[in-house]
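Colleague: I'd like to learn how to read a fold from a model like this one. Could you walk me through it?

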Amino acid sequence: MKDNKLNRRDFILNTTKVVGAGLAITALPQVFQSCDSEEVVTINNVPPDTFYELDLTPHPELLTPGGVKKVKIEGKNQGNPLIITHHKDGKFSALDSICKHMNCAVDAPSDSEGTINCQCHPNHYSTVDGSLSSGPFAGFKLTKFIVGKFDADKKILEIKI
Ligand code: FES
């Protein structure tokens with residue numbers, strides 16, 4: 001009898017160990033999976049695209065509404081300048097200075113009311129959004145970059161580039 005009680009006790013202990021080990025083995029992939037999930041979250045947690053902060057101090061013509069200037073930002077836009085316009089309503093636009101028709105450079109107008117003119121062919125583009133205003137080669141427009149805030153005190157214009 002005494003042996004039977006011990007055997008039952010041992011049986012229960014051993015069974016508990018086996019079941020416990022089984023549960024642990026079953027749970028392991030989920031533990032690793034949850035670790036993987038955390039890693040994925042970390043990878044996806046890359047900071048969102050940040051704006052480039054362009055200092056307009058060297059470009060005083062852009063500090064007043066109506067100003068337009070071709071500005072090259074070192075290391076950005078494959079070395080091609082941007083056409084930056086400070087519109088009369090206070091908004092800014094930033095456009096690529098390369099015409100998509102045959103990759104010719106475009107010229108900035110003398111003020112925000114003018115058109116951006118291709119140097120190779122008579123296509124003219126809007127300073128607002130780079131769309132084709134007039135010209136023989138339809139279906140082309142200038143790439144427009146997202147403009148963020150303009151800090152007039154610091155003279156910093158945010159451009160997503
Ligand atoms: S390259 Fe600009 S219109 Fe032809």
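**Reading Ala 105 and its surroundings**

Modeller: Start with Ala 105, which is in contact with Ser 97, Ile 98 and Gln 119, once neighbours within four places in sequence are set aside. Contact means that the C-beta atoms, placed from the backbone, lie within 7 Å. Keep in mind that this is a predicted model: local features need pLDDT of at least 70, side-chain atom pairs count only at pLDDT 80 or more, and totals for chains, interfaces and linings use all residues. Residues are numbered from 1 along each chain as its sequence is written.

Colleague: Why does Ala 105 count as partly exposed?

Modeller: Burial is a count of other C-beta atoms within 10 Å: 20 or more is buried, 12 or fewer exposed, and in between partly exposed. Ala 105 has 13 such neighbours, so it counts as partly exposed.

Colleague: Where is Ala 105 found?

Modeller: In the loop between strand 4 and strand 5 (106-107). Strands are DSSP runs of E, at least two residues, numbered from the N terminus.

Colleague: And how do I read the sheet?

Modeller: Strands of a sheet pair through backbone hydrogen bonds, either parallel or antiparallel. To count as a pair, two strands need at least two DSSP bridges between them. Here four strands make an open, antiparallel sheet in the order 5-6-7-8. Strand 5 and strand 8 (132-134) are the edges, each pairing on one side only.

Colleague: How many bridges join strand 5 to strand 6?

Modeller: Two, and the strands run antiparallel. Val 106 has Cys 118 in strand 6 as its bridge partner.

Terms used
Two residues are in contact if their C-beta atoms, placed from the backbone, lie within 7 Å.
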